[in-house]
Every structure is written in structure tokens, then in C-alpha cells.
Amino acid sequence: MTEFQDVFPLQKNRVHEACGPGAIGFAAKACGQDDMTVLWLQAGWQSEQLNPVGLMSFMSPKNLTLVQAESHKDLLACTEDGLRSGAVKLVVCELSQDLDLTAGRRLQLAAEEGGSTGILVIPEGAGSNATQTRWHCSPIFGGDHKTDKNLTLQHWQLIKNKSGTLGGWKVFWDAEAHRVIVVSKDGE
């Protein structure tokens with residue numbers, strides 16, 4: 001089984017995908033690694049819009065540029081430009097439609113060229129074969145876990161990995177340490 005530290009923080013110069021009810025939280029926690037500058041892209045017609053204040057426990061809002069695109073085509077074009085420019089370390093794009101192989105490959109090449117990392121927040125069952133990894137993320141409610149912090153455990157399952165095996169972990173965000181803490185691996 002893959003070790004968590006081998007896959008998170010996410011591999012640089014690559015595009016990754018996250019799906020599931022905890023996918024936005026996954027992207028937010030990725031923003032908190034290494035005090036990153038972040039370009040976050042959303043469709044302007046989405047009913048749920050990101051509030052930068054909500055990211056304060058993960059990152060400084062001064063490191064965030066939030067963009068709303070008018071169409072799916074504009075969203076992909078801005079994502080590609082953001083990745084290729086190298087002006088930010090991380091580009092997060094919330095997609096509501098499938099990404100075809102050509103578009104996925106273009107984004108991957110842009111990340112490699114610009115030296116940026118990309119996270120595509122995708123609908124469940126969607127995704128591109130061009131991306132490096134795909135994660136399914138969901139909160140874990142209730143249960144017993146050995147921590148005295150007020151937190152929500154997450155289950156992050158690596159369901160696609162071009163460079164290794166798959167795995168799953170129960171994790172939480174430690175705001176003081178500014179990092180993801182692994183509580184257990186699946187099967188433990």
C-alpha cells in the first residue's frame with residue numbers, strides 16, 4: 001500500500017483530481033501546505049461560491065486569487081493559463097462537467113511547463129485519464145478517534161495513481177501545525 005507522505009503534499013508540476021463531499025476541503029488543505037499562492041477558479045453561475053474567509057484556517061487570504069468564469073470553456077482556458085504562467089504554486093478549478101482527454105492533457109502539459117500544481121474538483125464519476133492522481137474525499141461523522149481536538153475526520157481514498165498503488169487514510173487538519181495529520185490507514 002502507498003504511504004501517505006508519498007502522495008501528499010501532492011506531486012508538483014502535475015494535475016490531480018478530487019471528488020466526493022469532502023473535495024473542497026481536500027483542496028483547501030492542499031492550499032495550506034508551504035504557504036502557497038493559489039488561483040481558485042469557479043463557474044460564475046454556481047450557486048455555492050467560495051468565501052475566502054472560510055480558508056483562513058488553511059491559508060492567508062492574501063495568497064488567494066479567486067476567479068469566476070462565465071463558461072466552461074473560459075474556466076478551462078483560465079486554468080490552463082494559470083498553470084502555464086507559473087505565477088502561482090497551486091491552481092484549483094471547480095468543474096461541473098466532464099473533462100475530455102485532450103483538455104486533461106493540455107492542463108497536464110501546462111502544469112509541467114509552468115511548474116505549478118493543479119487540483120480539479122470534479123463530480124463523482126468524472127475525471128480525465130491525463131491527471132496524476134484522483135482522490136475521493138468524504139467526512140467521517142461520529143465514531144471514536146483518539147484526539148482531543150474539535151475536528152472533523154476525513155476519509156481520503158486515492159482511487160487513481162499513475163505512479164504507484166492506491167490507498168486510503170483517515171486524516172484531519174491540524175491548524176496549529178498547519179498540516180494534515182494521518183490518524184490511520186485503511187485496514188488498520
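# Report on the predicted structure

## Terms and model

Buried means under 20% relative accessible area, exposed means over 50%, and partly exposed lies in between (1.4 Å probe, protein chains only). Helices (H or I, at least four residues) and strands (E, at least two) are DSSP runs, numbered from the N terminus.

This model is predicted: local features need pLDDT of at least 70, side-chain atom pairs need 80 or more, and totals for chains, interfaces and linings use all residues. Residue numbers start from 1 along each chain as its sequence is written, and side-chain values use heavy atoms, without hydrogens or water.

## The sheet

How many strands does the open sheet have, and in what order? There are 9 strands, in the order β3-β2-β4-β5-β1-β6-β7-β8-β9. Their pairing is mixed; two strands pair if DSSP finds at least two bridges between them. The edges are β3 (64-69) and β9 (179-185), and each of these pairs on one side only. On average, neighbouring strands are turned by 25° against each other, direction ignored.

Now follow β8 and β9. These two strands pair in the antiparallel sense over 6 bridges. Within that pairing, F172 has I181 of β9 as its bridge partner. β8 and β9 form a hairpin, with 4 residues between them. In the turn, H178 has a positive phi of about 60°.

## Strand β1 and its partners

Strand β1 spans residues 15-19. On one side of the pairing list is β5 (residues 117-121), joined to β1 by 4 bridges. β1 and β5 run parallel. E17 has L120 in β5 as its bridge partner. β1 is also joined to β6 by 4 bridges, and these two strands run parallel. Here C19 stands opposite H136 in β6.

β1 is mostly covered: 5 of its 5 residues are buried. In a regular strand the side chains alternate between the two faces of the sheet. V15, E17 and C19 point one way from β1. H16 and A18 point the other way, and all of these residues are buried.

Contact means heavy atoms within 4.5 Å. Axes are lines fitted to C-alpha atoms, for helices over the stretch in contact, and angles run from 0 to 180 degrees between N-to-C directions.

α1 is mostly covered, with 7 of its 9 residues buried. The buried residues are A23, F26, A27, A28, K29, A30 and C31.

Helix α2 lies across β1, β2, β3, β4 and β5. α2 runs at about 170° to β2.

## Two helices together

α2 (residues 72-85) also packs with helix α3 (residues 101-114). The angle between them is about 25°, and their axes are 7 Å apart. From α2, the residues that meet α3 are L76, T79, E80, L83 and R84. From α3, they are A103, R106, L107, L109, A110, A111, E113 and G114.

H136 is found in strand β6. The side chain of H136 makes a polar contact with that of E124, at 3.2 Å. A polar contact is a pair of N or O atoms within 3.5 Å; within protein, one must be able to donate a hydrogen and the other to accept it, and residues adjacent in sequence count only if both atoms are side-chain atoms. Beyond its neighbours within four places in sequence, H136 is in contact with C19, G20, P21, E124, H155, W156, Q157 and I159.

H155 has its place in strand β7. Is H155 buried or exposed? H155 is buried, with a relative accessible area of 17%. The side chains of H155 and D186 make a polar contact (2.9 Å). Leaving aside neighbours within four places in sequence, H155 is in contact with H136, C137, S138, I140, G168, W169, K170 and D186.

## Serine 163 in its loop

S163 sits in the loop between β7 and β8. S163 is exposed, with a relative accessible area of 56%. Not counting residues up to four places away in sequence, S163 touches Q11 and Q132.

How far apart are S163 and Q132? They are 31 residues apart in sequence and 7.7 Å apart in space, C-alpha to C-alpha. The side chains of S163 and Q132 make a polar contact (3.3 Å).
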